[in-house]
Amino acid sequence: MEAKKVRLALVGLGKMGISHFSIANAHPATEVVVCDAADFLLDGIKKYSKRPAFRDYDEMLASGELDAVLIATPSRLHAPMVRKALARGLHVFCEKPFCLDWRDSEALAKAASDKRLVSQVGYHYRFVGAFQEMKRIVASGALGTITHVLAEAYGPVVLRPKGSTWRTNRTEGGGCLYDYAAHPINLLNWYFGQPESVSGAILSPIFSADTDDEVYATLHWPGGMSAHLSVNWSDDSYRKMSTRITMTGTNGRLYADRQECQLYLRATSEALPDYAKGWNVRYTTELTKPVRFYLRGEEYSAQIDEFVGAVQCGRTATQYDFASAAVTDKTIAMLLADRDSGTTRSRAAPVTVEKRSWFGRFGGMGR
Amino acid sequence: MTLDRLLFGDNQFFGINHMSEEKARTQAMRFQDTAEIIRVLDAALDEGVRTFMCTTHDRIAEVCDHMRANPARYADFRFYPCMPYAHKYANAVTEHGMLGAALHFMPDDGLFKTALRGASSLATKDAEGILKILVDMEMKMFKGLNTPVIFLQNVVVDLILGMGMDEIFALFADHVRKRYDAEPGFVTMNMPRLYDALTHVGIENPIICANINKIGFRTCGGLDAYTELLRTGRLRAIAMSVFASGAIPPREAIEWLANLPNIDAIVFGASSRQNIRSTKVLIDEFFGRPASSSGGMNTSKGRIEAYNGGLLGLATVERT
């Protein structure tokens, strides 16, 4: 018998929201409705997609005809909106970063777990074949003792001193730290868990007035392993966002980006019989599992597939759940705390909380 | 109209390589001088490959300038523009927000910019008007040049497809036919689903460019569904990523492709005359030699690239 369709509400029609809407709407096991406070896209979706649309989040939740929500609103709104959805007994997929305050993240992770609801955060790199292969290799122990990791992300987002949206404002969950650095940090958490401490955090503007454009830090794990984080979203020598992880171990070196996974082994490992001594390269063509519908990368569809499947069979504790994302939020907080401790010299401008119009735009959505 | 069998793609010129970021960068360095791009296009033309399927990247404008300045040399040359160049829009959205990005790409003097600024629901009232303006903005660089087929690029096609906004495809098709006397083309990673959508809105015998390769790399909906559609559907298919980013040896890839029905054209990329020639020789061997340089097939986007004397197929047209 075919599993029951998942009635899913897509909330927030921004850059990620419309992409999620397209993928979720193309999924055979969903019935999608949309919610956005701005008419600009909502009316277009109503007219051309012919999907039900709501302007008011609370009104939509009150309609009582949902199984799950996908929250893709500005980061500052994640915590209150997720809280309301969980209170209604809905499964939740939330865009990254999860919550700006890690205490919210942990409380919501617990709430989802207590209510046995499916939770997931959109860290899509965990669905990229090469990074999954890296996970398998790390878990096998074939690298020996890993002593150091380099986690990088570069790309061309803010290239001029102009433009202002929530994505370029730290207090709203924008900036290079939340938008870019969160991804390699989340991969580090996936491979190694929560670091013990952070030092040398530098969060500096290059062009932005309100936030950081480059993020550097050293992360330390129990047992002595360290990682350097190097992230810059004002670098147009990259055509698009490029995330890469390099690991050094006593038995070799491992590198992965979206396209390939390269492993140099000093000696073969019984735990990894499909890899030879010396250089091994696996490309995306062999590491990527096919998806039913493709938009911008298999990983975006795979994460929605994972969520819909988890809702259908009630799979609650996953590698992608709120608890996993709370670890990343906590790591981000460690970076900020180190920056603020004054032990490193940061050029970051002081953060001032200013009134923004987002809550107003979303009307009843956030409060 | 008849599509040329062999179409020359542009991924190799812009640092797009779905196999390796390092190789992509090496290529970006080599082709940062537009003269180098033109040199390779000249080689393609001399080898009988006269159709260039290219994204509406800013640098293509420089290629267009060169072609307009040398009309005799390029009298037979044609462009199959693929729009839009998605990254400039995606980055603009991060910088300016959704509405801000739309404003950013509207002509400064247009009524639309004024209307968009004040409007609350322009999307409903004039999606068609916005679409026409965006297409016209992208087409500016090709003024006076031959553009018999104009493509919507895959990120946009697949975004619209997933959202179920099939009517937008018809709006695009109408505009391209009326304003540019061109055929509409659609690049996709989801060919069977797109074919159904296009048929649904009355676009008959559509030109569709998609990954078609022996290992089924990025043939979403399944390779079986692809081959079944080629057998039973009424479409003009353009195969791209036929070497699946180098995962399939060239001869094996082309031989497999030649046994499929309904493949009108193949898109490939190359950085040297030698690689253009070897690909053309291979295609002619398996598909039969065309009567003239105009060939007898359709067009699109794929690419073949040579490293260490071997052929390496580079994947798709354009992805974010």
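1. A quick word on terms: buried means under 20% relative accessible area, exposed over 50%, and partly exposed in between (1.4 Å probe, protein chains only). Helices (H or I, at least four residues) and strands (E, at least two) are DSSP runs, numbered from the N terminus.

2. Please keep in mind that this is a predicted model, where local features need pLDDT of at least 70, side-chain atom pairs count only at pLDDT 80 or more, and totals for chains, interfaces and linings use all residues. Residues are numbered from 1 along each chain as its sequence is written.

3. Helix α7 (residues 154–163) of chain B is largely enclosed by the rest of the structure, because 9 of its 10 residues are buried. Among the buried ones are V155(B), L159(B) and M163(B). The buried residues of α7(B) pack against α1 (15–26) of chain A, and against β4 (149–152), α8 (167–180), β5 (183–188) and α9 (191–200) of chain B; contact here means heavy atoms within 4.5 Å.

4. What follows α7(B)? The next residue is G164(B), with a positive phi near 75°.

5. In chain A you will find an open sheet of 6 strands in the order β3-β2-β1-β4-β5-β6, with parallel pairing; two strands pair if DSSP finds at least two bridges between them. Its edge strands, β3 (53–54) and β6 (119–121) of chain A, each pair on one side only. Within this chain, β4 (residues 68–71) and β5 (residues 91–94) pair in the parallel sense over 4 bridges, and A68(A) stands opposite H91(A) in β5(A).

6. On cysteines, C261(A) counts as buried because its relative accessibility is 0%.

Methods. Chains lettered and ligands numbered in written order. Heavy atoms only, no water.
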